Amino acid sequence: MAQDLSEKDLLKMEVEQLKKEVKNTRIPVSKAGKEIKEYVEAQAGNDPFIKGIPEDKNPFKEKGGCLIS
């Protein structure tokens with residue numbers, strides 16, 4: 001799609017995107033990192049990768065074994 005547009009149209013699209021982005025609230029990385037860390041720690045109790053999945057609710061548990069004799 002972008003190949004079909006003229007250079008002028010591409011520049012207009014870029015300017016429009018930059019106008020949208022300039023409205024975003026910016027915060028320092030140090031603050032964002034702290035907030036992300038706090039969120040992850042608060043949600044850790046619900047994370048199945050940390051907590052694990054109970055056997056009775058695990059859809060991927062082995063239903064039975066195969067025994068070849």
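Ile 36, Tyr 39 and Val 40 make up a nonpolar surface patch whose accessible area is about 330 Å² together. Patches of this kind join nonpolar side chains (Val, Leu, Ile, Met, Phe, Trp, Tyr) within 5 Å, and like charges within 9 Å, from residues with over 30% relative accessible area and no salt bridge, a salt bridge being a side-chain nitrogen of Lys or Arg within 4 Å of a carboxyl oxygen of Asp or Glu. Areas follow the Shrake-Rupley method with a 1.4 Å probe, and for residues only the protein chains shown count as cover.

The model is predicted: local features need pLDDT of at least 70 and side-chain atom pairs pLDDT 80 or more, whereas totals for chains, interfaces and linings use all residues. Residues are numbered from 1 along each chain, and side-chain values use heavy atoms, without hydrogens and water.

The mean pLDDT (the predictor's confidence in each residue, from 0 to 100) of the protein chain is 89, with 97% of its residues at 70 or more. Helices are DSSP runs of H or I with at least four residues, numbered from the N terminus.

Ile 36 lies in helix α2 and counts as exposed because its relative accessibility is 53%; exposed means over 50%, buried under 20%, and partly exposed in between. The count of buried residues among the 15 of α2 is zero.

Asp 4, in the segment before α1 (7–22), is exposed at 70% relative accessible area. Asp 4 and Tyr 39 are 35 residues apart in sequence and 43 Å apart in space, C-alpha to C-alpha.

Conventions. Helices (H or I, at least four residues) and strands (E, at least two) are DSSP runs, numbered from the N terminus. Buried means under 20% relative accessible area, exposed over 50%, partly exposed in between (1.4 Å probe, protein chains only).
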